[in-house]
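Trainee: Can we go through this one together? I would like to start with contacts and then move on to packing.
Mentor: Fine, open it up.
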Amino acid sequence: MTDKAKLENYGAHSITTLSWRDRLFRYKWALFAILVCQIGQVTAARLLPSFSADAIDIGIAGNNTSTILNYGGLMGLAAAAQLVLNATAVFLRASVAYRIGQNLRADVFAKVHSLALSQVQSMFIMAFTMVVVAPIMAIGSAIMAVRQDAQLSVLLLFAVPVLTGLIGFLTIKSVPLYQRIQTQLDRVNSILREQIDGIRVIRAFLQQPREAARFDGANTNLTGTSIQAGRLMAMIMPSLTAVMQLTSVALIWAKPWALLAQQALVSRL
């Protein structure tokens with residue numbers, strides 16, 4: 001058996017027998033460290049507003065310099081811890097994603113020598129960032145909001161479902177568009193490849209205008225779908241910002257009544 005055949009057998013065997021769970025289990029300690037770093041980072045970020053509020057309520061309101069310095073030091077430590085933990089988590093995420101991509105390259109090298117797996121690495125980096133950070137941030141933010149003011153936290157019962165429904169609606173609308181984009185892109189590439197392979201035949205039978213029109217039609221369809229998907233994606237941030245700003249307006253409108261009734265401190269706003 002030749003070396004090429006052995007490599008092909010190895011690649012096929014490794015791809016079919018090694019699951020994603022097994023691949024990720026190789027880096028279980030690194031993934032656990034990423035989780036710990038993210039929890040610590042979110043905790044430090046959530047403690048900063050609390051320290052700031054206490055510094056205002058106890059230190060500035062009471063003209064207590066030592067209290068201000070103490071809470072200022074705690075805020076500095078929390079910020080430094082957040083910076084260190086975030087840098088560590090970013091380094092670990094990139095390292096694990098690179099190693100996974102490297103192993104995948106080794107597995108598929110026998111079949112596709114020029115396969116680029118940068119998209120896979122980017123996917124894992126985003127997954128480690130969003131899948132881990134988002135739930136922790138959501139839970140931590142909800143706890144801190146209730147801790148600050150349980151009554152005003154009721155606004156979350158309206159804002160969160162609206163945000164969830166908005167993101168879900170845009171996602172449902174965008175997924176078919178991107179699937180269509182991929183199909184149309186394959187069509188454009190197929191036409192271009194056919195024209196390159198048969199350039200001599202096309203010239204011999206004077207089919208240049210017909211082929212140009214065929215390519216232009218496929219490219220126009222791809223362009224239209226891409227613009228439609230881009231417009232839909234462009235609505236995400238303005239829509240989310242509008243919901244958040246309306247929530248902030250509702251909070252600012254409701255908070256003065258609590259202040260007038262002496263049910264809340266100024267710093268909590």
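Mentor: Contact here means heavy atoms within 4.5 Å. Keep in mind that this is a predicted model.
Trainee: OK. Leaving aside its neighbours within four places in sequence, which residues is Leu166 in contact with?
Mentor: With those neighbours set aside, Leu166 touches Ser239, Leu240 and Val243.
Trainee: How far apart are Leu166 and Ser239, in sequence and in space?
Mentor: They are separated by 73 residues in sequence, and the C-alpha to C-alpha distance is 7.9 Å.
Trainee: Where is Leu166 placed?
Mentor: Leu166 belongs to helix 6, which covers residues 155–197.
Trainee: Buried, exposed or partly exposed?
Mentor: Leu166 is partly exposed because its relative accessibility is 21%, and the buried class stops under 20%.
Trainee: And Ser174, buried or exposed?
Mentor: Ser174 also sits in helix 6. It counts as buried because its relative accessible area is 6%, under the 20% cut-off.
Trainee: What is Ser174 in contact with, leaving aside neighbours within four places in sequence?
Mentor: Leu232 and Met233.
Trainee: Change of topic. Which residues make up the largest nonpolar core?
Mentor: There are 9 residues in that core: Leu170, Leu177, Ile181, Val188, Ile191, Ala218, Leu222, Ala229 and Leu232. At least two of the core residues come from helix 6, and at least two from helix 8 (208–234).
Trainee: Which helix gives the most to this core?
Mentor: Helix 6, which contributes 5 residues.
Trainee: Pick a core residue. What is Leu222 in contact with, beyond its neighbours within four places in sequence?
Mentor: Leu222 has contacts with Ile181, Gln184, Leu185 and Val188.
Trainee: How many residues are in the second, separate core?
Mentor: That one has 6 residues, among them Ile34, Val96, Ile100 and Leu104.
Trainee: Back to the two helices. At what angle do helix 6 and helix 8 pack?
Mentor: At about 160°, and their axes are 9 Å apart.
Trainee: Roughly parallel or roughly antiparallel?
Mentor: Angles over 145 degrees count as roughly antiparallel, so helix 6 and helix 8 are roughly antiparallel to each other.
Trainee: Is the crossing left-handed or right-handed?
Mentor: Helix 6 passes helix 8 in a left-handed crossing.

Note on methods. Residues are numbered from 1 along each chain as its sequence is written. This is a predicted model: local features need pLDDT of at least 70, side-chain atom pairs count only at pLDDT 80 or more; totals for chains, interfaces and linings use all residues. Side-chain values use heavy atoms; hydrogens and water are left out. Helices (H or I, at least four residues) and strands (E, at least two) are DSSP runs, numbered from the N terminus. Buried means under 20% relative accessible area, exposed over 50%, partly exposed in between (1.4 Å probe, protein chains only). A nonpolar core is a set of buried Ala, Val, Leu, Ile, Met, Phe, Trp, Tyr and Cys residues joined through side-chain atoms within 4.5 Å. Axes are lines fitted to C-alpha atoms, for helices over the stretch in contact, and angles run from 0 to 180 degrees between N-to-C directions. Angles under 35 degrees count as roughly parallel, over 145 as roughly antiparallel, 65 to 115 as roughly perpendicular and the rest as oblique. A crossing is left-handed if the near helix is turned anticlockwise from the far one by less than a right angle, and right-handed if clockwise.
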